Amino acid sequence: ANAKQTATMMRPLLHVPLLLLLRLVSSEEAECNADGSATAPYTTPDVSYPIHSDTVIPADENPLGDKQTWYDELIGGCRKSCERCDSACVQTESDRIVMNRRQPQSMVNYTDFGIKKIKAPEALMKLLTQFWETNQGLEYPEEWGTGNTYVNHWEVPSYMLSVENRELEGGGPELKAKIWDTAVDSVREWTGQDLTTSSLYGIRVYKSGAVLAPHVDRLPLVSSCIINVAQDVDEPWPLEIYAHDGKAYNITMEPGDLVLYESHSVVHGRPFPLKGRYFANLFIHFQPVPSAEDFGSMPPYIIPGSPEAKKWERENRSSDEDVTPTEAHGAAAAGDLRTLKAIAGSKKRDILFEPDANGWQPIHEAARSNMVEVVEFLLEEGADADCRTYGNESPLQIAVNNEVEEDSEMAKILQAAGGRPGPEEF
(Lines give C-alpha, C1' and ligand atoms only; values in the text may rest on other atoms or scores of the structure.)
Protein backbone atom coordinates (compact mmCIF):
# COMPACT_ATOMS: atom_id res chain seq x y z
CA ALA A 1 0.00 0.00 0.00
CA ASN A 2 1.11 3.55 -0.62
CA ALA A 3 2.46 4.86 2.68
CA LYS A 4 0.27 7.98 2.50
CA GLN A 5 -2.78 5.73 2.33
CA THR A 6 -1.34 3.50 5.04
CA ALA A 7 -0.88 6.45 7.37
CA THR A 8 -4.49 7.45 6.88
CA MET A 9 -5.70 3.96 7.64
CA MET A 10 -3.50 3.61 10.70
CA ARG A 11 -4.52 6.79 12.49
CA PRO A 12 -7.79 5.41 13.91
CA LEU A 13 -5.96 2.30 15.07
CA LEU A 14 -3.55 4.33 17.18
CA HIS A 15 -6.44 5.73 19.23
CA VAL A 16 -4.43 8.85 20.10
CA PRO A 17 -4.28 12.43 18.93
CA LEU A 18 -1.51 12.85 16.39
CA LEU A 19 -0.30 16.07 17.93
CA LEU A 20 2.43 16.95 15.46
CA LEU A 21 3.30 16.10 11.88
CA LEU A 22 6.81 17.44 12.07
CA ARG A 23 8.42 15.83 9.06
CA LEU A 24 6.97 15.52 5.58
CA VAL A 25 8.16 13.68 2.49
CA SER A 26 6.56 13.28 -0.90
CA SER A 27 4.33 10.26 -1.53
CA GLU A 28 6.86 8.95 -4.04
CA GLU A 29 9.61 9.01 -1.42
CA ALA A 30 7.33 7.56 1.22
CA GLU A 31 6.33 4.33 -0.51
CA CYS A 32 7.14 1.45 1.82
CA ASN A 33 5.76 -2.05 2.15
CA ALA A 34 6.19 -5.02 4.43
CA ASP A 35 8.24 -6.80 1.78
CA GLY A 36 11.71 -5.71 2.79
CA SER A 37 11.66 -2.13 1.57
CA ALA A 38 13.32 0.52 3.70
CA THR A 39 11.87 3.32 5.77
CA ALA A 40 11.29 6.52 3.80
CA PRO A 41 14.08 9.12 3.86
CA TYR A 42 13.79 12.32 5.84
CA THR A 43 14.10 15.44 3.73
CA THR A 44 13.52 18.43 6.04
CA PRO A 45 15.50 19.77 9.03
CA ASP A 46 14.92 18.40 12.51
CA VAL A 47 12.31 20.17 14.62
CA SER A 48 11.83 18.73 18.12
CA TYR A 49 15.39 17.48 18.72
CA PRO A 50 18.58 16.90 16.70
CA ILE A 51 17.89 13.57 15.01
CA HIS A 52 19.74 13.42 11.70
CA SER A 53 22.17 16.29 12.34
CA ASP A 54 23.35 18.22 15.38
CA THR A 55 20.99 21.14 14.79
CA VAL A 56 17.27 21.89 14.61
CA ILE A 57 15.54 24.57 12.55
CA PRO A 58 15.96 28.17 13.81
CA ALA A 59 13.71 29.46 16.55
CA ASP A 60 11.97 31.97 14.26
CA GLU A 61 10.93 29.09 11.95
CA ASN A 62 10.34 26.41 14.59
CA PRO A 63 6.75 25.89 15.81
CA LEU A 64 8.21 24.57 19.07
CA GLY A 65 10.34 27.66 19.75
CA ASP A 66 14.07 27.81 20.43
CA LYS A 67 14.80 24.10 20.66
CA GLN A 68 18.46 24.55 19.68
CA THR A 69 19.34 26.59 22.77
CA TRP A 70 17.39 24.15 24.95
CA TYR A 71 19.27 21.19 23.41
CA ASP A 72 22.67 22.86 23.70
CA GLU A 73 22.05 23.54 27.40
CA LEU A 74 20.85 19.97 27.93
CA ILE A 75 23.94 18.39 26.38
CA GLY A 76 26.11 21.04 28.02
CA GLY A 77 24.95 19.64 31.34
CA CYS A 78 26.12 16.18 30.28
CA ARG A 79 29.52 17.51 29.20
CA LYS A 80 30.06 19.14 32.60
CA SER A 81 28.81 16.20 34.65
CA CYS A 82 32.13 14.34 35.00
CA GLU A 83 35.84 14.61 34.26
CA ARG A 84 35.70 12.57 31.03
CA CYS A 85 32.22 13.56 29.97
CA ASP A 86 33.07 16.48 27.70
CA SER A 87 34.34 14.34 24.82
CA ALA A 88 32.29 11.26 25.78
CA CYS A 89 28.94 13.06 25.55
CA VAL A 90 29.86 14.53 22.17
CA GLN A 91 30.89 11.08 20.93
CA THR A 92 27.66 9.46 22.10
CA GLU A 93 25.58 12.12 20.37
CA SER A 94 27.58 11.61 17.18
CA ASP A 95 27.01 7.84 17.41
CA ARG A 96 23.28 8.33 17.99
CA ILE A 97 22.89 10.59 14.94
CA VAL A 98 24.97 8.26 12.76
CA MET A 99 22.72 5.34 13.71
CA ASN A 100 19.59 7.40 13.07
CA ARG A 101 20.82 8.07 9.54
CA ARG A 102 22.22 4.63 8.76
CA GLN A 103 19.83 2.08 10.21
CA PRO A 104 16.37 3.13 8.94
CA GLN A 105 17.48 3.00 5.30
CA SER A 106 19.22 -0.34 5.85
CA MET A 107 16.59 -2.41 7.63
CA VAL A 108 14.00 -4.88 6.37
CA ASN A 109 10.60 -3.74 7.63
CA TYR A 110 7.96 -6.31 8.51
CA THR A 111 4.97 -3.94 8.67
CA ASP A 112 3.68 -1.21 6.38
CA PHE A 113 3.64 1.57 8.94
CA GLY A 114 6.12 0.63 11.66
CA ILE A 115 3.93 1.48 14.68
CA LYS A 116 0.62 0.42 16.19
CA LYS A 117 -1.06 1.08 19.53
CA ILE A 118 -3.18 -1.60 21.20
CA LYS A 119 -4.18 -2.70 24.69
CA ALA A 120 -1.74 -5.05 26.38
CA PRO A 121 -3.00 -8.63 26.84
CA GLU A 122 -4.86 -9.00 30.11
CA ALA A 123 -2.55 -11.76 31.35
CA LEU A 124 0.50 -9.62 30.67
CA MET A 125 -0.88 -6.59 32.51
CA LYS A 126 -1.84 -8.76 35.45
CA LEU A 127 1.78 -9.93 35.78
CA LEU A 128 3.21 -6.43 35.46
CA THR A 129 0.68 -4.68 37.68
CA GLN A 130 1.13 -7.21 40.48
CA PHE A 131 4.93 -6.94 40.30
CA TRP A 132 4.79 -3.14 40.22
CA GLU A 133 2.30 -2.71 43.05
CA THR A 134 4.20 -5.17 45.22
CA ASN A 135 7.63 -3.62 44.66
CA GLN A 136 6.96 0.06 43.93
CA GLY A 137 9.40 2.17 45.91
CA LEU A 138 12.18 -0.45 45.70
CA GLU A 139 13.44 0.64 42.31
CA TYR A 140 17.13 1.53 42.15
CA PRO A 141 18.97 4.22 40.14
CA GLU A 142 20.01 3.04 36.69
CA GLU A 143 23.71 3.08 35.89
CA TRP A 144 24.48 4.77 32.56
CA GLY A 145 27.85 4.66 30.86
CA THR A 146 30.17 7.65 30.89
CA GLY A 147 28.88 10.18 28.39
CA ASN A 148 25.61 8.37 27.68
CA THR A 149 23.10 10.92 26.38
CA TYR A 150 20.07 8.77 25.61
CA VAL A 151 18.45 9.77 28.92
CA ASN A 152 19.32 13.02 30.72
CA HIS A 153 20.38 11.02 33.78
CA TRP A 154 22.97 13.62 34.83
CA GLU A 155 20.13 15.90 35.95
CA VAL A 156 17.15 13.49 36.26
CA PRO A 157 18.17 9.93 37.26
CA SER A 158 16.06 7.09 35.92
CA TYR A 159 15.21 4.08 38.07
CA MET A 160 14.78 0.36 37.42
CA LEU A 161 12.76 -2.51 38.82
CA SER A 162 14.44 -5.60 37.39
CA VAL A 163 11.95 -8.38 36.70
CA GLU A 164 14.84 -10.85 37.07
CA ASN A 165 15.76 -9.74 40.59
CA ARG A 166 14.94 -12.57 42.98
CA GLU A 167 15.28 -10.18 45.91
CA LEU A 168 12.08 -8.49 44.75
CA GLU A 169 8.84 -10.28 45.57
CA GLY A 170 7.71 -12.22 42.49
CA GLY A 171 10.89 -11.40 40.58
CA GLY A 172 13.25 -13.84 38.92
CA PRO A 173 13.94 -15.55 35.57
CA GLU A 174 10.55 -17.24 35.76
CA LEU A 175 8.75 -13.89 35.69
CA LYS A 176 10.91 -12.73 32.77
CA ALA A 177 9.99 -15.88 30.82
CA LYS A 178 6.28 -15.42 31.57
CA ILE A 179 6.40 -11.81 30.35
CA TRP A 180 8.08 -12.84 27.11
CA ASP A 181 5.60 -15.68 26.60
CA THR A 182 2.53 -13.49 27.16
CA ALA A 183 3.81 -10.68 24.91
CA VAL A 184 5.15 -12.58 21.90
CA ASP A 185 1.80 -13.37 20.29
CA SER A 186 0.90 -9.69 19.93
CA VAL A 187 4.22 -8.91 18.24
CA ARG A 188 4.15 -12.07 16.11
CA GLU A 189 0.64 -11.36 14.84
CA TRP A 190 1.60 -7.77 13.96
CA THR A 191 4.81 -8.61 12.11
CA GLY A 192 3.80 -11.95 10.62
CA GLN A 193 7.18 -13.35 11.68
CA ASP A 194 8.31 -16.22 13.83
CA LEU A 195 10.21 -14.48 16.62
CA THR A 196 12.91 -15.14 19.16
CA THR A 197 13.77 -13.02 22.18
CA SER A 198 16.39 -10.24 22.03
CA SER A 199 16.14 -8.24 25.24
CA LEU A 200 13.74 -7.49 28.08
CA TYR A 201 14.41 -4.53 30.33
CA GLY A 202 12.85 -4.28 33.72
CA ILE A 203 10.35 -1.55 34.50
CA ARG A 204 12.13 1.75 33.90
CA VAL A 205 10.80 4.63 35.96
CA TYR A 206 11.30 8.13 34.54
CA LYS A 207 10.98 11.12 36.87
CA SER A 208 9.90 14.75 36.43
CA GLY A 209 11.96 16.50 33.76
CA ALA A 210 13.14 13.30 32.07
CA VAL A 211 13.96 13.39 28.34
CA LEU A 212 14.60 10.38 26.09
CA ALA A 213 16.68 11.27 23.02
CA PRO A 214 15.17 10.13 19.68
CA HIS A 215 17.06 7.05 18.52
CA VAL A 216 16.89 3.69 16.79
CA ASP A 217 17.65 0.62 18.87
CA ARG A 218 20.88 -1.29 18.62
CA LEU A 219 20.70 -4.56 16.73
CA PRO A 220 19.32 -7.19 17.23
CA LEU A 221 16.44 -5.26 18.85
CA VAL A 222 14.09 -5.43 15.87
CA SER A 223 10.40 -5.98 16.65
CA SER A 224 9.52 -4.40 19.97
CA CYS A 225 6.82 -3.16 22.29
CA ILE A 226 6.50 -0.58 25.04
CA ILE A 227 3.98 -1.13 27.83
CA ASN A 228 2.99 1.66 30.19
CA VAL A 229 2.69 0.01 33.60
CA ALA A 230 1.92 3.07 35.73
CA GLN A 231 2.16 6.85 35.70
CA ASP A 232 1.49 9.96 37.76
CA VAL A 233 1.65 12.92 35.37
CA ASP A 234 0.27 16.43 35.05
CA GLU A 235 -0.11 16.11 31.28
CA PRO A 236 0.51 13.37 28.69
CA TRP A 237 4.15 12.57 27.97
CA PRO A 238 4.13 11.84 24.22
CA LEU A 239 6.23 9.20 22.53
CA GLU A 240 7.47 10.70 19.27
CA ILE A 241 7.94 8.09 16.52
CA TYR A 242 8.98 8.56 12.90
CA ALA A 243 6.96 5.95 11.02
CA HIS A 244 7.82 4.28 7.73
CA ASP A 245 6.10 7.09 5.84
CA GLY A 246 8.74 9.53 7.08
CA LYS A 247 6.34 11.50 9.29
CA ALA A 248 6.54 12.11 13.04
CA TYR A 249 3.65 10.92 15.19
CA ASN A 250 3.28 11.83 18.86
CA ILE A 251 1.54 9.02 20.76
CA THR A 252 0.17 9.33 24.28
CA MET A 253 -0.05 6.31 26.57
CA GLU A 254 -2.01 5.32 29.66
CA PRO A 255 -1.48 2.31 31.94
CA GLY A 256 -2.32 -0.84 29.99
CA ASP A 257 -1.46 0.66 26.60
CA LEU A 258 1.01 -1.23 24.42
CA VAL A 259 2.82 0.37 21.49
CA LEU A 260 4.24 -1.98 18.87
CA TYR A 261 7.13 -0.51 16.92
CA GLU A 262 9.91 -1.66 14.61
CA SER A 263 12.60 -0.32 16.88
CA HIS A 264 15.48 -1.10 14.52
CA SER A 265 14.16 1.26 11.83
CA VAL A 266 11.79 3.84 13.35
CA VAL A 267 13.36 6.71 15.25
CA HIS A 268 11.62 7.01 18.62
CA GLY A 269 12.05 9.07 21.77
CA ARG A 270 10.45 11.48 24.21
CA PRO A 271 12.04 14.86 23.39
CA PHE A 272 9.73 16.85 25.66
CA PRO A 273 10.48 16.94 29.43
CA LEU A 274 8.15 14.83 31.59
CA LYS A 275 5.73 16.92 33.62
CA GLY A 276 4.63 14.88 36.62
CA ARG A 277 6.00 12.58 39.29
CA TYR A 278 6.84 9.40 37.36
CA PHE A 279 6.22 7.36 34.22
CA ALA A 280 6.90 3.59 34.40
CA ASN A 281 7.42 1.57 31.20
CA LEU A 282 8.48 -1.95 30.29
CA PHE A 283 10.37 -2.61 27.02
CA ILE A 284 10.28 -6.01 25.29
CA HIS A 285 12.35 -6.79 22.19
CA PHE A 286 12.33 -9.63 19.66
CA GLN A 287 14.02 -10.49 16.38
CA PRO A 288 12.96 -12.76 13.51
CA VAL A 289 14.07 -16.37 13.76
CA PRO A 290 16.68 -16.86 11.02
CA SER A 291 16.12 -19.61 8.47
CA ALA A 292 18.61 -22.42 8.02
CA GLU A 293 19.98 -20.56 5.01
CA ASP A 294 20.52 -17.41 7.10
CA PHE A 295 22.41 -19.14 9.91
CA GLY A 296 25.94 -17.82 10.14
CA SER A 297 25.41 -15.16 7.49
CA MET A 298 24.27 -11.53 7.62
CA PRO A 299 21.11 -11.17 9.73
CA PRO A 300 17.96 -11.33 7.57
CA TYR A 301 16.69 -7.94 8.80
CA ILE A 302 19.60 -6.10 7.11
CA ILE A 303 19.03 -5.15 3.45
CA PRO A 304 21.86 -6.44 1.23
CA GLY A 305 23.95 -3.64 -0.23
CA SER A 306 22.72 -1.10 2.33
CA PRO A 307 25.06 1.03 4.50
CA GLU A 308 24.43 -1.30 7.43
CA ALA A 309 25.20 -4.33 5.24
CA LYS A 310 28.47 -2.79 4.13
CA LYS A 311 29.35 -2.08 7.75
CA TRP A 312 28.49 -5.65 8.70
CA GLU A 313 30.59 -7.04 5.84
CA ARG A 314 33.57 -4.94 6.89
CA GLU A 315 33.36 -6.24 10.43
CA ASN A 316 32.60 -9.91 9.86
CA ARG A 317 33.96 -12.88 8.08
CA SER A 318 32.50 -14.15 4.86
CA SER A 319 29.64 -16.60 5.32
CA ASP A 320 31.58 -19.56 3.90
CA GLU A 321 34.07 -19.56 6.78
CA ASP A 322 33.70 -21.78 9.79
CA VAL A 323 31.64 -19.91 12.39
CA THR A 324 30.86 -22.78 14.74
CA PRO A 325 31.55 -21.93 18.40
CA THR A 326 34.97 -23.21 19.41
CA GLU A 327 36.24 -24.79 22.61
CA ALA A 328 37.64 -21.34 23.45
CA HIS A 329 34.08 -19.95 23.59
CA GLY A 330 33.04 -22.62 26.08
CA ALA A 331 36.16 -22.21 28.18
CA ALA A 332 35.76 -18.43 28.29
CA ALA A 333 32.11 -18.68 29.37
CA ALA A 334 33.02 -21.18 32.09
CA GLY A 335 36.04 -19.29 33.35
CA ASP A 336 38.34 -22.17 32.37
CA LEU A 337 41.61 -20.26 32.27
CA ARG A 338 43.71 -23.43 32.18
CA THR A 339 42.19 -24.53 28.87
CA LEU A 340 42.54 -21.07 27.37
CA LYS A 341 46.23 -20.94 28.29
CA ALA A 342 46.73 -24.33 26.67
CA ILE A 343 45.03 -23.06 23.50
CA ALA A 344 47.21 -19.94 23.53
CA GLY A 345 50.34 -22.10 23.49
CA SER A 346 49.12 -24.38 20.71
CA LYS A 347 48.71 -24.17 16.95
CA LYS A 348 45.02 -23.36 17.57
CA ARG A 349 45.85 -20.01 19.16
CA ASP A 350 43.74 -18.09 16.60
CA ILE A 351 40.48 -19.50 17.99
CA LEU A 352 40.97 -17.21 20.99
CA PHE A 353 39.67 -14.48 18.65
CA GLU A 354 37.32 -16.58 16.49
CA PRO A 355 33.72 -15.25 16.04
CA ASP A 356 30.82 -17.68 16.17
CA ALA A 357 27.64 -17.54 14.07
CA ASN A 358 26.51 -14.43 15.93
CA GLY A 359 29.87 -12.70 15.79
CA TRP A 360 30.65 -13.48 19.44
CA GLN A 361 34.32 -13.96 20.28
CA PRO A 362 35.46 -15.69 23.48
CA ILE A 363 35.93 -12.28 25.12
CA HIS A 364 32.19 -11.60 24.65
CA GLU A 365 31.37 -14.88 26.41
CA ALA A 366 33.73 -14.06 29.26
CA ALA A 367 32.26 -10.57 29.64
CA ARG A 368 28.72 -11.95 29.76
CA SER A 369 29.70 -14.39 32.53
CA ASN A 370 31.74 -11.74 34.42
CA MET A 371 34.92 -13.80 34.16
CA VAL A 372 37.40 -11.04 34.99
CA GLU A 373 40.58 -13.13 34.90
CA VAL A 374 39.60 -14.59 31.52
CA VAL A 375 39.00 -11.14 30.04
CA GLU A 376 42.35 -9.93 31.39
CA PHE A 377 44.08 -12.95 29.85
CA LEU A 378 42.39 -12.54 26.46
CA LEU A 379 43.31 -8.85 26.36
CA GLU A 380 46.92 -9.74 27.15
CA GLU A 381 46.84 -12.24 24.28
CA GLY A 382 45.66 -9.55 21.87
CA ALA A 383 41.85 -9.58 21.99
CA ASP A 384 40.14 -6.32 20.99
CA ALA A 385 38.30 -4.79 23.96
CA ASP A 386 35.86 -3.09 21.58
CA CYS A 387 35.29 -5.94 19.08
CA ARG A 388 31.69 -6.12 17.91
CA THR A 389 29.17 -8.92 17.49
CA TYR A 390 26.92 -9.04 14.45
CA GLY A 391 24.45 -7.15 16.62
CA ASN A 392 27.03 -4.36 17.10
CA GLU A 393 27.55 -5.20 20.78
CA SER A 394 30.89 -4.73 22.49
CA PRO A 395 32.06 -6.92 25.40
CA LEU A 396 31.34 -4.01 27.74
CA GLN A 397 27.78 -3.62 26.44
CA ILE A 398 27.15 -7.36 26.82
CA ALA A 399 28.50 -7.29 30.36
CA VAL A 400 26.24 -4.38 31.34
CA ASN A 401 23.23 -6.00 29.67
CA ASN A 402 23.83 -9.05 31.85
CA GLU A 403 23.78 -7.11 35.12
CA VAL A 404 27.52 -6.53 35.48
CA GLU A 405 27.75 -3.19 37.26
CA GLU A 406 29.17 -0.32 35.21
CA ASP A 407 31.62 0.57 38.01
CA SER A 408 32.72 -3.06 38.45
CA GLU A 409 36.23 -4.39 37.94
CA MET A 410 35.10 -5.96 34.64
CA ALA A 411 33.81 -2.66 33.30
CA LYS A 412 36.93 -0.78 34.39
CA ILE A 413 39.25 -3.31 32.72
CA LEU A 414 37.35 -3.19 29.43
CA GLN A 415 37.10 0.60 29.43
CA ALA A 416 40.80 0.99 30.19
CA ALA A 417 41.56 -1.24 27.19
CA GLY A 418 39.37 0.85 24.87
CA GLY A 419 36.00 -0.85 25.26
CA ARG A 420 32.87 1.25 24.73
CA PRO A 421 29.25 0.50 25.67
CA GLY A 422 27.63 2.35 22.75
CA PRO A 423 27.24 1.76 19.00
CA GLU A 424 30.03 2.23 16.49
CA GLU A 425 29.99 4.72 13.66
CA PHE A 426 30.02 3.43 10.10
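**Entry 1: ground rules**

I take axes as lines fitted to C-alpha atoms, for helices over the stretch in contact, and angles run from 0 to 180 degrees between N-to-C directions. Helices (H or I, at least four residues) and strands (E, at least two) are DSSP runs, numbered from the N terminus. I am reading a predicted model, where local features need pLDDT of at least 70, side-chain atom pairs count only at pLDDT 80 or more, and totals for chains, interfaces and linings use all residues. Residues are numbered from 1 along each chain as its sequence is written, and side-chain values use heavy atoms, with hydrogens and water left out.

**Entry 2: helix H3 and its two neighbours**

I started with H3 and helix H6 (residues 307-315), whose axes come within 7 Å and cross at roughly 100 degrees. That makes H3 roughly perpendicular to H6; angles of 65 to 115 degrees count as such, under 35 as roughly parallel, over 145 as roughly antiparallel and the rest as oblique. Which residues meet here? I found Arg102, Gln103, Gln105 and Ser106 of H3 meeting Pro307, Glu308 and Lys311 of H6, where contact means heavy atoms within 4.5 Å. I sorted these residues into 1 nonpolar, 3 polar and 3 charged. For this sorting, Ala, Val, Leu, Ile, Met, Phe, Trp, Tyr, Cys and Pro count as nonpolar, Asp, Glu, Lys and Arg as charged, and the others, Gly among them, as polar.

Next I looked at helix H2 (residues 67-79), whose axis comes within 7 Å of that of helix H3 (residues 85-106), with a crossing of roughly 130 degrees. That makes H2 oblique to H3. On the H2 side I noted Tyr71, Ile75, Cys78 and Arg79, and on the H3 side Cys85, Asp86, Cys89, Val90, Glu93 and Arg96. This contact of H2 with H3 divides into 6 nonpolar, no polar and 4 charged residues.

**Entry 3: the sheet of 7 strands**

I traced an open sheet of 7 strands in the order S1-S9-S6-S11-S4-S3-S2, with antiparallel pairing. Strand S1 (115-119) and strand S2 (140-141) are at the edges, each with a single partner strand, so one side of each has no neighbour in the sheet. Inside the sheet, strand S3 (residues 159-161) and strand S4 (residues 195-207) pair in the antiparallel sense over 3 bridges; two strands pair if DSSP finds at least two bridges between them. I saw Tyr159 standing opposite Val205 in S4.

Which helices pack on this sheet? Helix H4 (residues 122-135) does, touching S3, S4, strand S6 (223-233), strand S9 (257-262) and strand S11 (276-288), with its direction at about 45 degrees to that of S6. Helix H5 (residues 173-191) also packs there, touching S1, S4, S6, S9 and S11, and its direction makes about 110 degrees with that of S4.

**Entry 4: the sheet of 4 strands**

I then followed an open sheet of 4 strands, ordered S5-S10-S7-S8 with antiparallel pairing. Strand S5 (212-215) and strand S8 (248-251) are the edges, each with a single partner strand, so one side of each is left without a neighbour in the sheet. On average, neighbouring strands here are turned by 20 degrees against each other, direction ignored. S5 and strand S10 (residues 268-270) pair in the antiparallel sense over 2 bridges, and Leu212 has Arg270 as its bridge partner in S10.

**Entry 5: two backbone details**

Where did I find a cis peptide bond? The bond from Leu219 to Pro220 is cis, with omega near 10 degrees, and Pro220 lies in the loop between S5 and S6. Asn370 has phi near 60 degrees, a positive value in a residue other than glycine. I placed Asn370 in the loop between helix H9 (362-368) and helix H10 (372-381).

**Entry 6: H10 with H12**

H10 and helix H12 (residues 409-416) pack at an angle of about 10 degrees, with axes 10 Å apart. The two helices H10 and H12 are therefore roughly parallel to each other. H10 brings Val372, Val375, Glu376 and Leu379 to the contact, and H12 brings Glu409, Met410, Ile413 and Leu414. I counted these residues of H10 and H12 as 6 nonpolar, no polar and 2 charged.
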